[in-house]
Amino acid sequence: MDSSQRKKYWRENLKYLSILLFIWFIVSYGFGILLVDQLNTIRLGGFKLGFWFAQQGSIYVFVVLIFVYVRLMNKLDKKYGVNE
């Protein structure tokens, strides 16, 4: 892989990382802290939605984002021919 392909590879990798971290930030900080009062007006399984995001929702989203990142990176590795 030449220098320009490496730069493109890392640029795409950083783009994926930035988007996924932004989603995680919005879910954990935005929904769990900033918007908790508005979300508490909605109930999910008997619990207030803001409380649920603060306690469990952000963890579930983080685990899902890990699987999404793995899938995206596998596709990216195949695209640039650096897969195992």
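Predicted model: local features only at pLDDT ≥ 70, side-chain atom pairs only at ≥ 80, totals over all residues.
1. Helix 3 gives the largest share, seven residues.

2. Which residues make the nonpolar surface patch? They are L14, L17, L21, W24, I59, Y60, F62, V63, I66, F67 and V70. Together they form a patch of about 1000 Å². Find these side chains in the 3D view before reading on.

3. Take L14 as one example from the patch. L14 lies in helix 1. Is L14 buried, partly exposed or exposed? Its relative accessibility is 49%, so L14 counts as partly exposed. The cut-off matters here, because exposed means over 50%.

4. Now turn to the inside. The largest nonpolar core has five residues: Y9, Y16, M73, L76 and Y80. Helix 1 and helix 3 are the elements that give two or more residues to this core. The largest share of the core, three residues, comes from helix 3. Helix 3 also gives the largest share of the surface patch.

5. Y9 counts as buried, because its relative accessibility is 10% and buried means under 20%. What does Y9 touch, leaving aside neighbours within four places in sequence? Y9 is in contact with M1, M73, L76, D77, Y80 and V82. Among the core residues are M73, L76 and Y80.

6. E12 sits in helix 1 too. Is E12 buried or exposed? E12 has a relative accessible area of 15%, so E12 is buried.

7. Next, the aromatic rings. How many aromatic pairs does a search of the whole structure find? The search finds eight. One of them joins Y9 and W10. Their rings are 5.5 Å apart, centre to centre. The angle between the planes is 90 degrees, and the pair is edge-to-face. The cut-off for edge-to-face is over 60 degrees.

8. Compare the two partners in that pair. Y9 is buried at 10% relative accessibility. W10 has 48%, so W10 counts as partly exposed.

9. Last, a group of rings. F31, W52, F53 and Y60 form one aromatic cluster. Y60 is also part of the nonpolar surface patch.

Note on methods
Residues numbered from 1 in each chain as written. Heavy atoms only, no water. Patch = residues over 30% accessible without salt bridge, like charges linked within 9 Å, V, L, I, M, F, W, Y side chains within 5 Å. Areas by Shrake-Rupley, 256 points an atom, 1.4 Å probe, with all protein chains shown as cover. Salt bridge = Lys/Arg side-chain N within 4 Å of Asp/Glu carboxyl O. Helix = DSSP H or I, 4+ residues; strand = E, 2+ residues; numbered from the N terminus. Buried < 20%, exposed > 50% of the residue type's maximum accessible area, 1.4 Å probe, protein only. Phe/Tyr/Trp six-rings, centres within 6.5 Å; stacked < 30°, edge-to-face > 60°. Core = buried A, V, L, I, M, F, W, Y, C linked by side-chain atoms within 4.5 Å. Contact = heavy atoms within 4.5 Å.
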